[in-house]
Structure formats: C-alpha cells, structure tokens
Amino acid sequence: MSCEVQTAPATAAHTLDPESLGDHVDALYRAAWALCGSRPDAEDLVQDTLVNVLKRPRRLRKDNELGYLLRALRNTYNSRYRVIARRPVEQELSEEHGLSIDEAEVSARELMEAIASAPGNYRDAVIAIDLMGLSYREAARSLGTREATITTRLHRGRQHVARELALLT
C-alpha cells in the first residue's frame, strides 16, 4: 500500500522587475487619487511608493505584482498620514488674535514667574520653544525626547502659564 502525498504546485518566488513597474503606474495612480482626493497628492504618493519599492530588491511569492504594489501604496499613504497627524496645526495670526489692552499689562517679571512656576518638563518645553525660539525638532533633540512629547509638554506648559497669568488679573 503506497501512500502518495499530493502537494499543490509551488509557485516560485521571483524578484520584482523594476522594468515592469511602468505597466502598473496607471492603476497605482487611480488608487492613489481615490486615497488622496487630489491629483498632485496622488502623483506624489505614487512617486514615493515607487521610490520605496525600488530602494531594495523585492521578492514576491506569487505572480501578483499589482497586489504587492497596491499594498505598498496603502502603507506609504498611511505612513504619510501618521506623520502629518503628529505635526502641530499651524495657524496664521491676525490682528484679532493680538493682545488686548488688559492682557498687555502683564509685566515681564509676572510672565517669567508664571513660567518658573510650571512643572519642570513643561517649563523646559516653554523656554525652549517660546523663549529661545527652537524648532520642535531642535527642542526634542536638546531635551532628549520625541517631538510629539515636546508638543504635549508645550501645550500643557502654555496652559499652566495662561492659568497663572489669569489669576493675576
């Protein structure tokens, strides 16, 4: 009695051919446009995806290059989204955002005392960003922490200073 084991034919792994990527650009562009919603962002996303894919040779298990490229596109999009979400929102200030007469009467001494009364980590972030004018990256590097941590500490430090100054008026 012989027992034969039947196995499915194995698909050999192959290397992604950089020359064949041009065949998939249109499909990648359509998918990118659906993700981004704008033509320039879609073009940038496709370009970034192809750069990431071409950085090193890719071994594919099945003969599905388009599926692999679409996954790479989605992963590149998600990475960009996470980076953008971590950045603080920048807002243009106008005259309406300026200090009122009452708020302008805070002396430099009162301001420095309010900053000094903040907890250490918050105080360091406020001093690095607001007083010394460092960027978030420079402040994070000099304080030995991540940019996201600096953003949080700066926000809480500013809230503390605002509360302290509100108590004075």
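These are my notebook entries on one protein chain, taken from a predicted model.

**Overall layout**

I started with the secondary structure. The chain has eight helices and two strands. Reading from the N terminus, I get the order β-α-α-β-α-α-α-α-α-α. I then checked burial: 22% of the 169 residues count as buried. The exposed surface comes to about 12,800 Å², and carbon and sulfur atoms supply 51% of that.

**Cores**

Which residues have the most contacts inside the largest nonpolar core? I found Leu16, Val46 and Leu69, in a core of 15 residues. Helices H1 (25-36), H2 (39-54) and H3 (65-86) each give two or more residues to this core. H2 gives the most, with five residues. I listed the contacts of Leu16, leaving aside neighbours within four places in sequence. They are Leu21, Val53, Arg58, Leu60, Glu65, Tyr68 and Leu69. A second, separate core has twelve residues, among them Ala125, Ile129, Ile150 and Val161.

**Helix H3**

I checked the length of H3 next. It has 22 residues, and at 1.5 Å a residue it should span 32 Å. The end C-alpha atoms are 32 Å apart, so the two values agree. Buried residues in H3 are Glu65, Gly67, Tyr68, Leu69, Ala72, Leu73 and Thr76. I noted the helix geometry beside that list. An α-helix has 3.6 residues a turn, so residues three or four places apart point the same way.

Not counting residues up to four places away in sequence, Leu70 touches Ala27, Leu28 and Ala31. I also took the C-alpha separation of Leu70 and Ala32. It is 9.0 Å, for residues 38 apart along the chain.

**Surface patch**

I looked for nonpolar residues on the surface. Met112, Leu131 and Met132 form a patch there, with about 310 Å² of accessible area together. Met132 sits in the loop between H6 (120-131) and H7 (136-143). Its relative accessibility is 59%; the cut-off for exposed is over 50%, so Met132 counts as exposed.

**Salt bridges**

How many salt bridges does the structure hold? I counted five.

- Asp48 pairs with Arg80, with the closest N and O atoms 2.8 Å apart. Asp48 is in H2 and Arg80 in H3, so this pair ties together parts 32 residues apart in sequence. Asp48 is partly exposed at 31% relative accessibility. Arg80 is also partly exposed, at 27%.
- Arg158 pairs with Asp130, with the closest N and O atoms 2.6 Å apart. Arg158 lies in H8 (residues 147-168) and Asp130 in H6, so the pair ties together parts 28 residues apart in sequence. Arg158 is partly exposed at 39%. Asp130 is partly exposed at 37%.
- Arg137 pairs with Glu147, with the closest N and O atoms 3.5 Å apart. Arg137 is in H7 and Glu147 in H8, so the pair ties together parts ten residues apart in sequence. Arg137 counts as exposed at 52%, whereas Glu147 is partly exposed at 36%.

How values were computed:
Residues are numbered from 1 along each chain as its sequence is written. This is a predicted model: local features need pLDDT of at least 70, side-chain atom pairs count only at pLDDT 80 or more; totals for chains, interfaces and linings use all residues. Side-chain values use heavy atoms; hydrogens and water are left out. Helices (H or I, at least four residues) and strands (E, at least two) are DSSP runs, numbered from the N terminus. Buried means under 20% relative accessible area, exposed over 50%, partly exposed in between (1.4 Å probe, protein chains only). Accessible areas come from the Shrake-Rupley method with a 1.4 Å probe; for residues, only the protein chains shown count as cover. A nonpolar core is a set of buried Ala, Val, Leu, Ile, Met, Phe, Trp, Tyr and Cys residues joined through side-chain atoms within 4.5 Å. Contact means heavy atoms within 4.5 Å. The expected span of a helix is 1.5 Å times one less than its number of residues. Patches are made of residues with over 30% relative accessible area and no salt bridge: like charges are joined within 9 Å, nonpolar side chains (Val, Leu, Ile, Met, Phe, Trp, Tyr) within 5 Å. A salt bridge is a side-chain nitrogen of Lys or Arg within 4 Å of a carboxyl oxygen of Asp or Glu.
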